[in-house]
Amino acid sequence: MDETQRILQYLTEVEEAAEDVLADKQQIVDLDIKRNRNREALAALHRDREQADKVKVCFGNMFIKLPRARTQEMIQKDQEQLDKEITELRKRLKARVNRLNELQGKPELTGYNLSPLSKEELRAIGRVLEK
């Protein structure tokens, strides 16, 4: 009976870890969809600059007329917040995937903790390659 309890406990831990990974992945996808919609809205506001100073914005199930500049500012702030949330979720996802692999007895993913080069690093590499 004790062995059965340990196996059940192990399977429960693996299942919970897998659900956490899947939930984070889905949340990243949902936030990315919202970020893309905001990007489209900013592009439309930028394209139609010559039209009215006020634009209609949908909040929930109602439309409100707001100044164009204020609307762009609100969307831009929302974009920054979404970027921050997505970055945090991706960091958390890496840890959760490693935890799941650890529970399953798999080796840690190689190259999974890589981060992109910064602009300064890219410039430095470009200067070195030019010589």
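Phe 59 has Met 62 as its bridge partner in β2, and Val 55 pairs up with Leu 66 in that strand. This is a predicted model, where local features need pLDDT of at least 70, side-chain atom pairs count only at pLDDT 80 or more, and totals for chains, interfaces and linings use all residues. Numbering starts from 1 along each chain as its sequence is written, and side-chain values use heavy atoms, with hydrogens and water left out.

Strands β1 (residues 54-59) and β2 (residues 62-67) run antiparallel, joined by 6 bridges. Two strands pair if DSSP finds at least two bridges; helices (H or I, at least four residues) and strands (E, at least two) are DSSP runs numbered from the N terminus. The two strands make a hairpin with 2 residues between them, and Gly 60 in the turn has a positive phi of about 70°.

Now for the lining of the largest pocket. β1 gives the largest share, 6 residues, while α1 (2-47), β1 and α2 (68-104) each supply at least two. By type, the lining splits into 11 nonpolar, 2 polar and 4 charged residues. Here Ala, Val, Leu, Ile, Met, Phe, Trp, Tyr, Cys and Pro count as nonpolar, Asp, Glu, Lys and Arg as charged, and the others, Gly among them, as polar.
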